[in-house]
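Have the model open while you read.

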Amino acid sequence: MRYDVAIIGGGPAGYTAAERAAQGSLSTILFEKNALGGVCLNEGCVPTKTLLYSAKTYDNIKHASKYAVKADNPSFDLPRMVARKNKVVKKLTAGIRMRLTEHGVTVVAGEAHIQGRLADGTFLISVGEETYEAVHLLLCTGSETIIPPIPGLAETSYWTSREALLSKELPASLVIIGGGVIGMEFASFFNSLGVEVHVVEMLDKILGPMDRELSDMLRSEYEKRGVKFYLGHKVTGVHGTEVAIEKEGDTFTLRGDKVLLSVGRRPVTTGFGLETLSPEPFRNGVKVDEYMRTSVPNVYACGDITAFSLLAHTAVSEAEVAIDHILGKSRPMSYKAIPGVVYTNPEIAGVGKTEEELRAEGVPYIVKKIPMAFSGRFVAENEMGNGVCKLILSEDGRLVGAHLLGNPASELIVVAGIAIEKGMSAEELRSMVFPHPTVGEIIKEALWV
């Protein structure tokens with residue numbers, strides 16, 4: 001029952017760390033109290049994108065006449081959409097379990113609890129009556145939905161993303177509290193299916209730290225589709241189907257058949273014995289160095305518990321860095337080019353610095369901006385669609401930021417992220433050969449503006 005590596009949490013950070021550790025010939029044990037894949041696979045990234053693709057397909061059929069295709073009276077079947085979503089999740093969860101088993105990872109289903117350390121520094125972790133020992137410990141416990149203390153909320157039958165993903169019935173109207181990534185993706189989904197959607201956001205823009213110009217363009221697009229936004233508004237109470245909001249002293253009430261709460265997530269730091277280690281805190285999580293080490297020897301933290309990025313792809317990279325360090329391959333974690341993507345229709349994505357960040361830092365920059373319509377393939381596949389490719393260069397001509405609105409921004413942002421991470425100059429990126437016709441060519445075209 002003694003292992004080289006013990007991992008608490010089976011989300012993207014945990015299962016990645018387990019697989020990489022086992023590939024490195026480390027005896028590995030992984031504890032997961034719910035389901036392998038964590039929030040991302042079971043009630044976040046994957047299920048939302050599965051439903052959003054169904055909604056996007058329905059949108060495309062509704063507007064098929066733009067492409068000289070006749071499709072009369074299209075319809076959708078929400079229970080079957082949900083069933084397909086569940087099938088996708090089940091398939092991917094089984095895939096993760098199969099890979100871990102193939103690599104010899106011991107997977108324990110149950111709630112792990114850190115009991116302390118032996119004299120030689122070995123960690124003791126228990127699950128029920130069983131106790132396990134490990135030389136290295138990785139904390140990959142993820143995050144949970146923030147439930148703010150809004151008056152009346154506790155007595156209201158509201159949705160979080162979990163309940164919204166399970167529902168097989170559409171509300172006639174929906175009030176979404178929070179205009180961040182989660183809120184906007186659900187706004188996109190329910191709007192596509194004909195639900196009256198209201199989005200309340202405390203900030204004066206949607207999508208928080210993402211590029212303001214492109215965020216405003218996306219909001220304008222959804223306003224045209226009937227979504228109503230209440231920016232700079234504070235929710236002062238939720239009572240049944242009524243949501244009281246306030247701005248600059250003016251108050252009024254929104255009414256919706258359902259209320260969806262999506263104001264963010266916070267790291268899980270309780271319930272597994274973290275207090276026995278007392279690592280140095282950071283924000284509302286655990287502080288780590290560039291190799292994902294906490295202040296406690298041989299204890300690493302990866303993913304949302306670090307309270308830094310709270311993105312699945314960041315968690316995966318952090319896990320790889322941590323395991324590399326345990327294996328003696330010191331490779332520091334880089335946060336210079338962490339992409340952010342919102343899977344609305346159209347998609348919006350960004351990586352690196354925004355104009356707002358650089359202005360706040362007093363750093364000079366150069367903007368190269370071009371409409372997506374400069375891409376022949378984008379025009380061919382997005383009739384009457386608009387979008388923007390914005391590239392931000394340093395004074396010496398290196399790419400430091402990229403922000404795209406338009407499908408498929410989620411795929412194109414990868415190219416820009418690599419260029420930023422590697423410190424490529426505009427000249428170097430322009431010298432690359434992009435296939436034609438592709439929407440990706442827009443990145444090269446923007447550099448010639």
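Which hand does the crossing of H3 and H4 have? The crossing of H3 and H4 is right-handed, meaning that the near helix is turned clockwise from the far one by less than a right angle.

## About the model

This is a predicted model, where local features need pLDDT of at least 70, side-chain atom pairs count only at pLDDT 80 or more, and totals for chains, interfaces and linings use all residues. Residues are numbered from 1 along each chain as its sequence is written, and side-chain values use heavy atoms, with hydrogens and water left out.

## How H3 and H4 pack

Helix H3 covers residues 45-62 and helix H4 covers residues 78-102; helices here are DSSP runs (H or I, at least four residues), numbered from the N terminus. Their axes are 9 Å apart, and the packing angle is about 140°.

On the H3 side, Val-46, Pro-47, Thr-50, Leu-51 and Ser-54 meet a set of H4 residues including Met-81, Arg-84, Lys-85 and Leu-92, with contact meaning heavy atoms within 4.5 Å. By type, the residues of this contact are eight nonpolar, two polar and two charged.

## Around Thr-16

Thr-16 sits in helix H1 (residues 12-23). Thr-16 counts as buried because its relative accessibility is 4% (buried means under 20%, with a 1.4 Å probe and protein chains only).

Beyond its neighbours within four places in sequence, Thr-16 is in contact with Gly-11, Val-316, Ala-319 and Glu-320. The Thr-16 side chain also reaches the backbone oxygen of Pro-12 at 2.6 Å.

Key. Axes are lines fitted to C-alpha atoms, for helices over the stretch in contact, and angles run from 0 to 180 degrees between N-to-C directions. Helices (H or I, at least four residues) and strands (E, at least two) are DSSP runs, numbered from the N terminus. Ala, Val, Leu, Ile, Met, Phe, Trp, Tyr, Cys and Pro count as nonpolar, Asp, Glu, Lys and Arg as charged, and the others, Gly among them, as polar. Buried means under 20% relative accessible area, exposed over 50%, partly exposed in between (1.4 Å probe, protein chains only). A polar contact is a pair of N or O atoms within 3.5 Å; within protein, one must be able to donate a hydrogen and the other to accept it, and residues adjacent in sequence count only if both atoms are side-chain atoms.
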